[in-house]
Amino acid sequence: MAEFVDRVVLHVSGGHGGTGCVSVRREKFKPLGGPNGGNGGNGGDVILRVDGQSTTLLEYHHTPHQHAPNGDIGRGDLHHGFNGESLILSVPQGTVVKDKEGNVLADLIRVGDEFVAAQGGQGGLGNAALASAKRKAPGFALLGIPGDERDIVLELKSIADIALVGYPSAGKSSLIAAISAARPKIADYPFTTLVPNLGVVQAGDTRYTVADVPGLIEGASDGKGLGHRFLRHVERSSALVHVIDCATLEPNRDPISDFEVIRGELENYEVDPTAGVTIPLNERPQLIVLNKIDVPDARELAEFVRGDFEAKGFKVFEISTASHEGLRALTFAMAEIVEADRKARKKAESKPVEDNTVVRPKGFRSKKQKEFFIRREERNLEPLFRVIGEKPEKWIMQTDFNNDEAVGYLADRFAKLGIEDELYKQGARAGDAVVIGEANDAVVFDWEPTMVGGAEMLASPRGTDVRLEEVIRPSRSERKAQYHDRMDAKAEARAELEAERQAGVWTESVDEKAKAKNSSKNEQNS
Ligand SMILES: Nc1nc2c(ncn2[C@@H]2O[C@H](COP(=O)(O)OP(=O)(O)OP(=O)(O)O)[C@@H](O)[C@H]2O)c(=O)[nH]1
Ligand SMILES: [Mg+2]
């Protein structure tokens, strides 16, 4: 049996951003020509796009892992890396995208609708782009960051104005083939149809779509015979047509009991409120089609039960998909229902038909939100401050922690964003642990507020922060004071010497001493 796939779990990941390049221009006679490292390219996105040709999710059942290409690395001489191309995954019309908890992320209805399932990671800036007046030749570049990674669930819910329901082999596919250009597989064994077939029907001025749903059996609403999955395709149609086999030779089957079984299954099926149409299946308009009246016994039986169905308040059509008898009346009756439904809908929502939608995943990516927030927590009875925000979390990923300059740049960015000030406000004190991001293995800093950014990496041994080991340079006023001290000491020494000279401690005068030195020098030179 061929596989029926209308629900798959996809593991999607955007491409990794390319790393920026550190490079310095070298020219003859210009040893340090300035930084010229190019930027890394962005990773590609994974995009779901509705494609008119695609009818099943089978392909993704076999290839559930989808990864978009990575961005290229930056290179010297200002060569920027190429962006990773977007990976476009074609999905059929009516694909509903959900997260693993069952929340609907997107409902892809029109051809061309798109859903960005995973965004590619940003490429890192090269050292040329990082140069500034303050930092003329950066000795670091930013790393590319990983793309989004997540699991999504795709569910196919056919969108047809009318759904054909009925027992296996009742002739649903035959009916679609007879009234539309669709050419589904038809055979005399049950469950021939595994994926709904869609057909477009033109009746007078009305054009509408009809879907045949795989055959239903008793217990379908509980999932028997994959019935639950099949019924999913009925959810979005505005009306149902019961196709009833009047020529079946199976024991215990007759048109009335067949109909009651299907009605019961429709009754038991709970409509998913996310499907767009919330009316219970049995409360939607329904028509009765008694099929195979080209078989004499069947025609007799159909005439016999017609009254019973009419007594229940249904419109009944006796047809043969083989001889095409009764089809015209049926297609016009279906058109009437569709028209009525469309009018009702137009009234309910008088908004115009929108253009294709492109859905982007929501998260904390929205611009309006605050750039970051800080949450005070406790760990081992010590306070811990958790900084949550797209930017700081991204910056951490962009930082090469083996490069002191890169770490310094990160500290500058944090300070500029106001993280330092906010930590003060929240009562952080020197030495408190600061964590960036929600993850448990997130980067931990010891907060040192006297420094810009105050970040000491815990990853490097404690107390080995290079910025702490800098030689302490005296300030201008301190140097001035030191100078004066030195001058004063000199003056004192001079006064002392003068006093000793007068007291006759020194016999040789300073001039004589100098002369003697000069004469001995001349002797040596000659
Ligand atoms: N004699 C006669 N046979 C028909 C008629 N309609 C369908 N059949 C036959 O009934 C069998 C089943 O037809 P399908 O159209 O495949 O039935 P289905 O309801 O789509 O069946 P599943 O896809 O298995 O649920 C085929 O052998 C058809 O040739 C009809 O009007 N007259
Ligand atoms: Mg069929």
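I began with the largest nonpolar core of this predicted model, a set of 48 residues in which Ile162, Ala163, Leu164, Val289 and Met334 touch the most other members. A nonpolar core here is a set of buried Ala, Val, Leu, Ile, Met, Phe, Trp, Tyr and Cys residues joined through C-beta atoms within 7 Å. Buried means 20 or more other C-beta atoms within 10 Å of the residue's own, with C-beta atoms placed from the backbone. I noted another core apart from it, of 27 residues, including Cys21, Ala141, Ala406 and Val443.

Numbering runs from 1 along each chain as its sequence is written, and chains are lettered from A and ligands numbered from 1 in the order written. Local features need pLDDT of at least 70 and side-chain atom pairs 80 or more, while totals for chains, interfaces and linings use all residues.

Next I looked up the "binding site" annotation in the unreviewed UniProt entry, which covers Ser173 and Thr193; such annotations may be inferred rather than shown by experiment. The two are spread over 21 residues of sequence, yet the largest C-alpha distance is 7.5 Å.

I found Ser173 in helix 3 (residues 172-179); helices are DSSP runs of H or I, at least four residues, and strands are runs of E, at least two, numbered from the N terminus. Ser173 is buried, because 26 other C-beta atoms lie within 10 Å.

I found Thr193 in the loop between helix 3 and strand 10 (197-203). Thr193 is also buried, with 23 other C-beta atoms within 10 Å. Leaving out residues up to four places away in sequence, Thr193 touches Ser173, Asp212 and Pro214, among others; contact means C-beta atoms, placed from the backbone, within 7 Å.

Conventions: A residue is buried if 20 or more other C-beta atoms lie within 10 Å of its own, exposed if 12 or fewer, and partly exposed in between; C-beta atoms are placed from the backbone. Two residues are in contact if their C-beta atoms, placed from the backbone, lie within 7 Å.
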